[in-house]
Amino acid sequence: MRKEPERTCVGCRNAAPQKQLMRIATDGVEGVIFDRNHKGQGRGAYLCYKKECVEKAKKRQSLERALKRPVPQPIWIELEKAVEDATAKREE
Ligand SMILES: [Zn+2]
């Protein structure tokens, strides 16, 4: 059996199977996208579906450092929304 690839969350620094993390990726020359389907070709960074990880990454600019470019505000909003949706789903 093949081991699932693991990635490290830039918020808490814990490794988790790639599919359990959100992927944020570079896109084009300057863009950053929330790569929901993990299909983007660019450099990727990962975050848990956890509010505290998103906040830590934001405060420490971990995503910016990992991607080497600024992360626009709408991306943060998308990430926060995705965490909320995932949390709501877990609590159902
Ligand atoms: Zn995390």
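In which order do the three strands form the open sheet? Select them and read across: β4-β3-β5, with antiparallel pairing. (Strands are DSSP runs of E, at least two residues, and helices are runs of H or I, at least four, numbered from the N terminus; two strands pair if DSSP finds at least two bridges between them.) The edge strands, β4 and β5, each pair on one side only.

A word on the model: it is predicted, with local features needing pLDDT of at least 70 and side-chain atom pairs counting only at pLDDT 80 or more, while totals for chains, interfaces and linings use all residues. Residues are numbered from 1 along each chain as its sequence is written, and side-chain values use heavy atoms, leaving out hydrogens and water.

Next, zoom in on β3 (residues 21-27) and β4, joined by four bridges. Ile 24 sits opposite Phe 34 of β4. Three residues separate the strands of this hairpin, and Gly 28 has a positive phi near 65°. On the other pairing, β3 meets β5 over five bridges, with Leu 21 opposite Cys 48.

Now pick α1 (residues 51-60) and show Cys 53, Val 54 and Ala 57: they are buried, meaning under 20% relative accessible area with a 1.4 Å probe, protein chains only, where exposed is over 50% and partly exposed lies in between. Look down the α1 axis: the buried residues fall within an arc of 100°, so they line one face (the arc uses directions from the helix axis to the C-beta atoms).

Last stop: just after α1, Gln 61 takes a positive phi of about 55°.
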